[in-house]
Amino acid sequence: MSMLLQESSAMRERLMHLLAGVLPEAWVGTGVVIGMSLLKATAIVLVIQIGMLYATWLERKLIGRMQDRLGPNRIGKFGLLVPFADMIKILTKEDITPRDAHSWVYNLGAILILPPALVGFAVVAFSSTLIAADLSVGLLFFFAIASTAVIPIFMAGWGSRNKFALIGAMRAVAQIVSYEIPQVLSLVGVLLLAGTLSMNQLVGSQGPLPAPGAEGAVLPGVWYIFLQPIAFVIFLLATTAEIERTPFDLPEAESEIIAGYHTEYSGIKFGMFYLALYFATIAAAAVTAMIFLGGWQPPVPAFLIPESGPITDFMYNSGWLWMTIKTVFLVMVFMWFRGTLPRLRADQMMAFCWKILVPLSLANLLVTGLLANLLAPLASPMAYLGAFVVANAILLGITLWAVRRWRERGSSGDFVFEVQPAAAPSGVGGGD
Amino acid sequence: MEQLAFGVLALLTLGAGFGVITSRTVFVSALWLVLSFVGVAGIYVLLGAHFLAVTQVLVYVGAISVLVLFAIMLTRDLMAEEHPQNKQWVLATIVAGSVFGTLATIGYTTDWALTWPRGAAGVASTSTETAASSGLGSSAVEAIGRSLMSEHLLAFEVVSVVLLVALIGAIVIARD
Amino acid sequence: MTPSIPLWWYLILAAGLFSLGLYGALTRRNAVNVLMGIELMLNGVNVNTVALWRYITPTAGSGPAGAGFGVDGQVFVIIVIALAAAEAAVGLALIISIFRARRTVELDDFSLMRG
Amino acid sequence: MTDLALIGPYAWLIPTFTAVAFLVIMAQIWTGRGNRSSAAIAIAGISASAVMGVLVFLGVMADPEGLSHHPEVFSRLPWLPMGSGSLDFGIQIDPLSAAVTAMVGIVCTMIFIYASSYMEGELKAYTDPKTGAVDEALGQQRYARFFAYVSLFATGMLGFVLASNLLQALVFWEIMGLCSFLLIGFWYYKPSAAAAAKKAFLTTRIGDMGFFVGIMALYWAFGTVDYDAMLSADGVARLAGLGNLPGTTIPLVTLFALLLFGGSVGKSAQFPLHVWLPDAMEGPTPVSAMIHAATMVSAGVFLIARLFPVFAALSPVDHPSDISGAMFVVAAIGAFTAVFAASIAVAQFDIKRVLAYSTISQLGYMVMALGIGAYVAAVFHLLTHAFFKALLFLGSGSVIHGVEHGFHHDHDHGGGHDAHPPVGTGASTLDPHDPQDMRNMGGLASRMPLTFSTFLAGTLALTGVPIFAGFWSKDEILASAFYKAFYEGETGLVVVVMPLLVWLLGTLAAFLTAFYMSRQVFMVFSGKPATAGAEHAPESAPRMVWPLAFLAVFAVFLGLVGVPEDFSILGLEVGRLLGGNPFHHFMGTLSTGSHFAAHPFNAVPAALSIGAAFSGWALGYFLYGMEPEQARAADPLARLGGLWRLLNQKYYVDEAYDATFIRGTVGFAGLNSLFDRFVVDGLVNGVSMVSERLARANGWVDRVLVDGTVNLVAYVNNEMSRWLKYLQSGRVQQYLLVVFLGLLALLMPLVL
């Protein structure tokens, strides 16, 4: 795939010749553009597709281990072929459309659930050169696309004409819309420091290697997870909610509402939702990696990278490797969540968003803005690092103290996650 | 190429708009609305206002449509189909039609003082290089930000206050 | 990008959106639908603004020099969008509370003020 | 000598200290815990102010001429931004303000200390004189309130003295007016006290009106009321250049000066408006002391002194003391008041009343001194008089205190001492229990030795016996009058006759002063006690006596700072010690830069005034000192008959005012009411009758024509609305439709 994108110029030549035979002159340019986009898209989708398949496998393995099971291990070595078996199974299932469902909306919902999850990848930089569209509004673009995910969910929930589906859709939408706020707010701090919305520049601003087109090394030159730990935590949690993974998978809370908005779907339509879930997971992991873990930047400080030589070349060309490692790691973190954390109650979920994450992210934004202004004169990564770590520590301390106070006063116990056998469906006591 | 894109987008937008006002089910017309929003976003891209396009998607598709859908969910018995139009639809057709006619005629017959494509000073070449340093294309974010914070600061502040008021007002109104 | 599209295309598109929205606002019984119509009208206006900015005053708001493209049109549209969001929020809140009170959102039923 | 640059910036603290004290005490009262501590707070405040004041004074000593010429204004802060410039709130410091500030500070401190003991009667549970209801706490509250008031009073005076422009001055001036009202009426449950308070307030208000109008006129004509703009040389020149009042030959500046003078006439009780001051005796004695010595009345004189350049605007700069028209009036009023009041004092029996009239006459002295341009002498007398008059008042208070205790000790009839003091009328009819009537005293010299000695010192000072303070200041006034009359070359009625008049009247007043003061001393202290009250009068508490002693020192020695240089031995000695005539050197320059030449010492006026003083004492001794008992029993002057009654009744001025103004007003009102009843009512009735007739006619028209029309209109409306109501369907969308129809109507012309 890297070949594909890197040699895209050659590809364009070939494509132009090829089209020149078929199309009238006027349309060749158009054709080439469209063709190239198609090719890129295909490439990405292929990679993601495979990634997704093995993400399912990985998840089963991991969860299995966490629960003292082996996980899939029959088909193929280590059950490596299980995903394909699943695919075949899903494809061969009967495709049902309930009689009373609003067939158009019902089917469209299943189809449209994919694009939001997929299009996001357009701005994901697998390496400094390996990015489909390095929009200067890349980050914004990603979240704009992600925010459209609610429409197909609504369609699914409403179209299948099923109370549980509808409730699931409502829950999902409420949750997504709510958690978008802390998600984006927690990023503003990072953007403040990076001063760009372009993914490549963002990544370039936090590592030893400059982004293409960026002159010199850009401050702060540190992974933002170190500068903005609290923002990272907020973002991670909010993202987990956005992609409806445990502990925020209320929309599919099987013990309450069967399977949420895709209750009525079966066969490949259900597979669509399944795909979308994993695409979203991978996309989220990739974006998180790019924003906070320095994307394609090698995990080595600048002074270890010589001026030139094989190491340098390797560093410059191995972006995709680091990116993949980080992404996979984050995916595993999501799975780890799922393996360990119990599902929240609806009210807890909301309260957690509005009463903790939003205020905290606002406070973090305030602190970051102040520091960024104060530290502007002394432009050394270390100074940044120290100041921000201290500030975040203080902020965290204050937050924890406040939460404890609230718990003691019991004034807003609704976001205190004590065991509530009646309400906590997973039956497992909550840990905060 | 661009005509093609415009054609498609225009068709999309207007068709979706038509769907909004004709479909018998509120929910479906809401979906049409979303579609036409997306079309408008595309038009923005054509016009070189990428940031606007993104904003359009973020706000209209991501937020306003969701509001609408929620309102529908909370106020309708769901799949109900009703006769969408009220009694004055004939008159309304005439009025809307003539409004369209008027606007269209004005838009078509007026001899606009075009500075583009002929190009005003410094705008003549709108290749990506110049665009990068200007308010055009996807690189307008910074320019827009500065403009909002400098010359349009007042409007910015006022809108912020309006938003806050709307927020509180909506909560107060909708709370039972 | 070379301007292969004449301005009036955009203007007519905007006019169409506006009129469609107007028709919706005028005829639909359901308050939510009326709101949608209004949103459509707003979008029409926005398209108009952006088009006119792009074609007639592209340099407006590009700083003192006036070189390069300005952003005034976009800024105006952004402000309009923000206001539209506010309007939608309040409007829908109103609809919901009315629905609570009257169990209906048919505008024809809201005629307490009839003479 | 402190450095003004150091102390000046903090001069604003001087009035602030007392103001803070006032606020604190008020807070105490509001929270209901006013008590003895209030007095402590007040004393702390005023003594702090006093210390600051003295420091400032010392600071000024460094360069008096310079400061007089260019007064320093500290801590300016824009206060009323108006038109061109802004009216600044500032603290003006020059020899005049510094000296007066120091004086006020010291005297007030003494008075406060004295009062803290004198007012203790209030601390007792307060019994409402009407209902007889007893309130334990209220007494303490009233005690506290008293000190709050006096603190505010002191604030007013200090702020007024230090003000840097007329408007600021007016503010504090009015604060003083308010406080005098509150304090004179402190025993408001006594009808006489309430009446006196009102009288004082209204009478001074008349003067203040003039003052206020004067300020506004000045601002209108001059554009600013800032002292340093107004009183500087060119400022005065501009004032003089303002020309005449349109259509008359009166220079505007003279008019302004006289308007402003109205203020001081009211405040320092000059002739037409003097009536309030004697009645102000109704207040507690410390208040009388404050009003008479330190604050209120001095304020009036201080105002003239401060604005002296305006009064002297029309006289040449090198001769600021030449008499302009305004000054002529001032001098005339002052001189008249001096003799007038002194003559009244001769025939009074109320110990405080005598002092009150003496105050008026002394103020007359100062005013007339200013009137003839004896600026330095006037200020000098203002300062000395403040000290010994305060001393005298406090002394009389101590006497009253003692006599009253004597009465109580004799037979305990209830009531606190000053809590319900019998009204000291001083009328010829004798109330045997009036502790203020001198005829009930006598023989107190042996019983209240300290009070006696200090009081005597004060009297000697007042009567201008050589060496004592009063002598020097009073003599300087007479001397400069004499000098003007005979030595300065000018001729003409105003310039020669006025000083001559002033000199003669002044001497006469000096004689009268000596006479009535000796009369008082003999009646009060000599011989055998006339009543049980005097019989058992004890010496007052130390906290009342020591202030007397302190003030007595000043009364004796303060004069020495103003000894003429070429006065025989003493002058030379003092001159050698203090360098020339130090006070003259200190005060002798005006803000216009013009300097007053110290007149060479002349034996004639000095001899005459000494003679007057001694003859006054001699006459007093002859009439009252020989056998005081029968003098107390039947005043020897009563043989004068009509004249005696005239004096005793204060020339019937009050009665005259009553007859003219008050009766006049009432009578006029009565006239009006008559006019009302007959003419106006008659008219009204006639009109009403006519209109009734008309109304009958109208009625018919109404019923037939008007109603018909109205009903028709109503009917038409009704019918129309029956159809039109369908337009208002209450359907929003319909309205919207109409709106867009209208829009189309507007747009269509554009296309078609």
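Predicted model: local features only at pLDDT ≥ 70, side-chain atom pairs only at ≥ 80, totals over all residues.
**Entry 1**

The residues being covered are I44(A), I48(A), G51(A), M52(A), A55(A), W57(A), R60(A) and K61(A). I then checked the length of this helix: α3(A) has 42 residues and reaches 61 Å from its first C-alpha to its last, close to the 62 Å expected at 1.5 Å a residue.

What follows α3(A)? I found D68(A) there, with a positive phi near 60°, and I noted that D68(A) is not a glycine. D68(A) sits in the loop between α3 and α4 of chain A. I count D68(A) as exposed because 6 other C-beta atoms lie within 10 Å of its own, and the cut-off for exposed is 12 or fewer.

I looked up E244(A) next, which also has a positive phi, near 50°, in a residue other than glycine. Its place is in the loop between α12 (229-242) and α13 (254-257) of chain A. Is E244(A) buried or exposed? With 25 C-beta neighbours inside 10 Å, E244(A) counts as buried, since the cut-off for buried is 20 or more.

Chain A has 18 helices and zero strands, and of its 432 residues 44% count as buried. In chain A, residues 24 or more positions apart account for 76% of the contacts with a separation of 6 or more.

For chain D I wrote down 31 helices and four strands, with 53% of its 752 residues counted as buried. In chain D, residues 24 or more positions apart account for 79% of the contacts with a separation of 6 or more.

**Entry 1: where chain B meets its neighbours**

I turned to the contact of chain B with chain C, which takes 85 residues from chain B and 72 residues from chain C. On the chain B side, at least two residues each come from α1 (2-22), α2 (26-46), α3 (50-75), α4 (89-109), α5 (128-132), α6 (140-149) and α7 (153-174). Which helix of chain B gives the largest share? It is α3(B), with twelve residues. Sorted by class, this side of chain B has 58 nonpolar, 23 polar and four charged residues.

At 1.5 Å a residue, the 22 residues of α7(B) should span 32 Å, and I found its end C-alpha atoms 31 Å apart, which agrees. In α7(B), V159(B), A166(B) and A170(B) are buried. They cover an arc of only 25° around the axis, so they lie on the same side of α7(B). The face turned away from that buried side carries exposed residues, including L153(B), E157(B), S160(B) and V172(B). What covers the buried residues of α7(B) includes α3 (72-102) of chain C.

**Entry 2: the nonpolar cores**

The largest nonpolar core has 234 residues, and V107(D), I111(D), A378(D), A390(D) and A555(D) touch the most other members. Helix α18 (residues 375-410) of chain D gives the most to this core, with 20 residues. The core draws at least three residues from each of domain 1 (1-164) and domain 2 (183-648) of chain D.

**Entry 3: a strand residue in chain D**

Last, I looked up R76(D), which lies in strand β1 (residues 72-81) of chain D. With 14 C-beta neighbours inside 10 Å, R76(D) counts as partly exposed. Not counting residues up to four places away in sequence, R76(D) touches D88(D) and G90(D). R76(D) and I91(D) are 15 residues apart in sequence and 7.0 Å apart in space, C-alpha to C-alpha.

Note on methods. Residues numbered from 1 in each chain as written. Chains lettered and ligands numbered in written order. Contact = placed C-beta atoms within 7 Å. Nonpolar A, V, L, I, M, F, W, Y, C, P; charged D, E, K, R; others polar. Expected span 1.5 Å × (residues − 1). Arc of directions from axis to C-beta. Core = buried A, V, L, I, M, F, W, Y, C linked by C-beta atoms within 7 Å. Domains from an automatic or database assignment.
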